[in-house]
Amino acid sequence: MILSDKTINKMLQNSTLGIAPLMPEQIQPASVDIRLGDTFSVVEDSSSGIITLDSKISYKTIKTDTYLLLPGQFVLATTMEYFKLPDDLTAFVEGRSSLGRMGLFIQNAGWVDPGFEGEITLELFNANRCAIELKAGRRVGQLVFAKLDDHALNPYNGKYQGQTGATGSRVFMDGDK
């Protein structure tokens, strides 16, 4: 079941769902708008020119209110909001159609697990031939919340729990090497 604005507001008021900072106008009929934070990370070049799944990846991270995303460039960004989901609620991350029409692809693997806490790292890609100026605080997408049929037996407590800022891949920590 997708949550309505009424249910989202109720959960925020009784602190079963945490979103901060949050302005009332971010709450939409069936979602919450997410805003771009001020942290951006790009993969640093490696001497081999190859990124592997088994090794830690180095990132260059900057804090700025304005970031110029060049044509064909990929960057990690973060939401301005810090989220705390209960163990019976999940969320889908959706980009804004208005930005997609500019050639800005916004993704984050699309899913937020029950029990997740932290800022959401967004993967941004400029598919346009022109640079796109990104500004912290601008709406870039929305979270759509869905109620689970029961509390999760094993709520999220993984390698990204509590993350803040544009957090790079931690795939090297996976146990399935």
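Visitor: In which sense do strand E3 and E6 pair?

Guide: Antiparallel, with three bridges between E6 and strand E3 (residues 31–43). DSSP must find at least two bridges for two strands to pair, so three qualify. In one of them, Ser41 has Leu76 of E6 as its partner. The model is predicted: local features need pLDDT of at least 70, side-chain atom pairs 80 or more, while totals for chains, interfaces and linings use all residues. Numbering runs from 1 along each chain as its sequence is written, and side-chain values use heavy atoms, without hydrogens or water.

Visitor: How many bridges join E6 to E10?

Guide: Eight, and the two run antiparallel. Lys84 has Glu117 of E10 as its bridge partner. E6 also pairs with strand E1 (residues 18–20), antiparallel over three bridges. There, Ala20 is partnered by Tyr82.

Visitor: Where is Glu81 found, and does it count as buried or exposed?

Guide: Glu81 is in strand E6 (residues 74–84); strands are DSSP runs of at least two residues, helices (H or I) of at least four, numbered from the N terminus. Its relative accessibility is 0%. Buried means under 20% relative accessible area, exposed over 50%, partly exposed in between (1.4 Å probe, protein chains only). Therefore Glu81 is buried.

Visitor: What does the side chain of Glu81 make a polar contact with?

Guide: The side chain of Arg35, at 2.6 Å. A second polar contact, 3.0 Å, joins the side chains of Glu81 and Gln26. The term needs an N or O pair within 3.5 Å; within protein, one atom must be able to donate a hydrogen and the other to accept it, and sequence-adjacent residues count only if both atoms are side-chain atoms.

Visitor: Why is the Phe116 and Tyr156 pair called tilted?

Guide: Rings of Phe, Tyr and Trp (its six-membered ring) pair if their centres lie within 6.5 Å; planes under 30 degrees apart are stacked, over 60 edge-to-face, the rest tilted. Here the centres are 5.9 Å apart and the planes at 55 degrees, so the pair is tilted. Phe116 is in the loop between strand E9 (111–112) and E10, Tyr156 in the segment after strand E12 (139–147), so parts 40 residues apart in sequence are tied together. Phe116 is buried, at 7% relative accessible area.

Visitor: How many aromatic pairs does a search of the whole structure find?

Guide: Four. One of them is Phe105 and Phe125, tilted, with 6.2 Å between centres and 45 degrees between planes. Phe105 sits in strand E8 (residues 104–107) and Phe125 in strand E10 (residues 117–126), 20 residues apart.

Visitor: What makes Phe105 partly exposed?

Guide: Its relative accessible area is 47%. Phe125, at 31%, is also partly exposed.
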